[in-house]
There are 2 protein chains.
Amino acid sequence: MDRTKIAQLYADAEEFGGQVVTVAGWVRSIRDMKNFGFVTLNDGSCFRDLQIVMNRDDLANYDEIAHQNVSAALIATGTVKLTPDAPQPFELAATQIVVEGASAPDYPLQKKRATPEFLRTQQHLRPRTNLFRAVFRIRSVAAAAIHTFFQDRGFVYVNTPIITANDAEGAGEMFHVTTIDPANPPRTEAGAIDYREDFFGKKASLTVSGQLNAENFALAFGDVYTFGPTFRAENSNTARHAAEFWMIEPEIAFADLSDDMDLAEAMLKYVIRRVMDTCTDELAMLARFVDKGLLERLEHVASSPFVRITYTDAIAILEQAVEAGHHFDYPVSWGIDLQTEHERFLTEEHFRQPTFVTDYPAAIKAFYMRLNEGGKTVAAMDCLVPGIGEIIGGSQREERLDVLEARIAELKMDAQEYSHYLDLRRYGSCRHAGFGLGFERLVMYLTGVSNIRDVIPHPRTVGNVEF
Amino acid sequence: MDRTKIAQLYADAEEFGGQVVTVAGWVRSIRDMKNFGFVTLNDGSCFRDLQIVMNRDDLANYDEIAHQNVSAALIATGTVKLTPDAPQPFELAATQIVVEGASAPDYPLQKKRATPEFLRTQQHLRPRTNLFRAVFRIRSVAAAAIHTFFQDRGFVYVNTPIITANDAEGAGEMFHVTTIDPANPPRTEAGAIDYREDFFGKKASLTVSGQLNAENFALAFGDVYTFGPTFRAENSNTARHAAEFWMIEPEIAFADLSDDMDLAEAMLKYVIRRVMDTCTDELAMLARFVDKGLLERLEHVASSPFVRITYTDAIAILEQAVEAGHHFDYPVSWGIDLQTEHERFLTEEHFRQPTFVTDYPAAIKAFYMRLNEGGKTVAAMDCLVPGIGEIIGGSQREERLDVLEARIAELKMDAQEYSHYLDLRRYGSCRHAGFGLGFERLVMYLTGVSNIRDVIPHPRTVGNVEF
């Protein structure tokens, strides 16, 4: 089929004016004025629809077309007419329209606006709606921008494993991956489950982070990144938690926490700018119907220098706010883990800027983070952005073998299990750092969509594995 | 640290000539000639090493550096000297070298060549070897090329789910994903495992294909692709099977099998060309030490038109070969599934070209493939390439609701479970097609590496989930 995409028509409207083209797409609406009519067609190649004008005199099957239901698939041939005085820059004067696939009258997504909750029950059809065409196009453009950002800077993309026998940092509950039948599991003589009989010969889980694996590659390639799915079996049914989500984890050698923050800031700005440049129609719709302040917020983050402040100074600011009468649900004192309310106060009310908080208490952070002088804090950073709170968490890694061994012993972790990780400190260790960016949280930020279920094609949450 | 990457030096050697720069990387070898010496340093930014010249007179810590072990991390400052008469185009005359991290003398990868089998036990260190630096750089460049190929053509990247309650096409054994403790599982009154108590409220598995999900998006966006991990719990311990591997699955609307083959051919050629243009040093090493015919093979595939032949004609060719005295282990007759020996005969001996075999018997193919006229064959295609056999499998999908329903009934599948899939045929169905490319198989093809364990950062196979 020699077919022109609607995106091409919008990109080169002047060139196509007067030309005969064939388009193929799905009906958004049909208006039948008896002897002429309008079909609004979308082919998914861009956010905008194409208006097709049809005349009874020109179309033998005028009535067949006029009676099609929403979402019918049509192939239309006609002349592109430039319409400088109309709202749309051109339309197609049809000379032939063929029904590729009719749509049944009970099509669940009629023109009236459906709620996101209802649309979650129609995950196979919701990409055809304006909201989800915008969200999933932006998701795709943002993913591509992330690859381009890192590849242009010489980073090596590493596919770290999904199935793992480690529990990474002990971060959160993990899903078991098994071929054992729980109705009739193999047992040892002592009566325990015999995981030697399982597929991998031991207990295996779904990864919660690729960081430790990525470090293996950073100490060979210098700069690497992962971009893949990660998992949490947390029983939390909130708008911000999914059991399966994608994560980006760069890891950079010969780099400290300051380099790490430079990288995170540059990456966020790059992705935001790319989406603003590429998805103007999608963002305009989202700003109109989902989040009024979206464009200003994105522009602000893309063009402002990020604030950098230590955890200790951040606590002081929060304590001053409490003294000045500000109420937080969670009390503030040095040593606490910052709650979302604290993070949002800092970035939204105090600084009104994206803010890096650095050098957290060692006691509330992971074992692999580099101990600062004095031993009370570690070289960690969280990036807080207005409207969402924490979007990135990272750290400089502990590269000193003796310090890392002491920390592993202190936390009563099994040093044997981390022997490979310790090897990296034995054979040419170097300062290095990295961070993790939850991709869905970024897409929520880029679109203004407030429920994580609405930025994932087929979301997995507790009790939910449909489609 | 104001640091120059070695890749930058090679890219702009003339510009850097006479300049003072700082580099940071890992020692590949050290030669100490008493009053002067040479350090070969690699920083992972490119395949090539940097030769550093050091003089006892210029370096206060000359002896410290001269006694470093392989893989020590160094930071070196000096002047770039162009060396037009030497094998390497320039060297660094060091004025300062700092040990960032020493390496222990028992470093497992000394200069002598280690076998791939041994290196599989050193997955955290093997990216530092020539072989794996080449393989994993090419893997990264190929992955980026795939994204660029599809994004440049307006395809939307879709992250289809990893955890699923479907078994897709019933293709292969699946891993269970569960939070149930098999030592003490919840049971129904009848005594069966009560999956209502599991995390998702039902039995869940790791995906074997994102295709059915991708179709939901192709019928909204027109052209989409997935690129993510997929899983097989097959108990086959071969050089070509992994339990976890990445797959690319494009899906295109208003397209038939011929369009599908055009896309597959264009994609393969694009990726090969991109790797040949970008990874010349890596490919040269692989052609020298791993696969002598690599460069000719890649050039041949990148520049030849692919053959297209029906399964029926392919069987006739194989039968003629048998008559002419060619021996196959598996007998040939219409209706068989082609074995690797048959595929390789066709592409390597008969056509000596990449070859699409199309229109396979319906009985050996999946339910969703479009039935050809006559009902004996389906619009499927496999792409065979010299040196490996099948690299891509695809099909035009059955878009006709009545035909698909009849096929599901015939195969005694549960129509209710496919109600969403059938909905796509109810509400604006259209001809569409897609294919699956196993990414590791592509990387094996691009590198000449013959064991899948050596193209995956941390491979997962039966009995093996280390690192």
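Trainee: What should I know before I start?

Mentor: This is a predicted model, in which local features need pLDDT of at least 70 and side-chain atom pairs count only at pLDDT 80 or more, while totals for chains, interfaces and linings use all residues. Residues are numbered from 1 along each chain as its sequence is written, chains are lettered from A and ligands numbered from 1 in the order in which they are written, and side-chain values use heavy atoms, with hydrogens and water left out.

Trainee: Which rotation superposes chain B on chain A?

Mentor: A rotation of 180° with 0.0 Å of shift along its axis does so, at an RMSD of 0.0 Å, where the copies are superposed by least squares on the C-alpha atoms of residues with pLDDT of at least 70 in both. That is the relation of a two-fold axis, and the same surface serves both copies, as 100% of the contact residues of chain B recur in chain A; contact here means heavy atoms within 4.5 Å.

Trainee: Okay, helices now. How do the axes of helix 12 and helix 13 of chain B cross?

Mentor: The axes of helix 12 (residues 401-410) and helix 13 (residues 419-426) of chain B come within 9 Å and cross at roughly 155°, so the two helices of chain B are roughly antiparallel to each other. Angles under 35 degrees count as roughly parallel, over 145 as roughly antiparallel, 65 to 115 as roughly perpendicular and the rest as oblique. The axes are lines fitted to C-alpha atoms, for helices over the stretch in contact, and angles run from 0 to 180 degrees between N-to-C directions. Helices (H or I, at least four residues) and strands (E, at least two) are DSSP runs, numbered from the N terminus.

Trainee: And which residues make that contact?

Mentor: Helix 12 of chain B brings B:Leu401, B:Leu404, B:Glu405 and B:Ile408, and helix 13 of chain B brings B:Tyr421, B:Leu422, B:Arg425 and B:Arg426.

Trainee: Where is B:Gln211 found?

Mentor: B:Gln211 is in helix 6 (residues 211-221) of chain B, and B:Gln211 is buried at a relative accessible area of 5%. Leaving aside neighbours within four places in sequence, the contacts of B:Gln211 are B:Glu249, B:Glu251, B:Tyr368, B:Arg397 and B:Tyr421.

Trainee: Last one, what is the phi of A:Ser71?

Mentor: A:Ser71 has a positive phi of about 85° although it is not a glycine, and A:Ser71 sits in the loop between helix 3 (62-66) and strand 4 (73-82) of chain A.

Note on methods. Buried means under 20% relative accessible area, exposed over 50%, partly exposed in between (1.4 Å probe, protein chains only).
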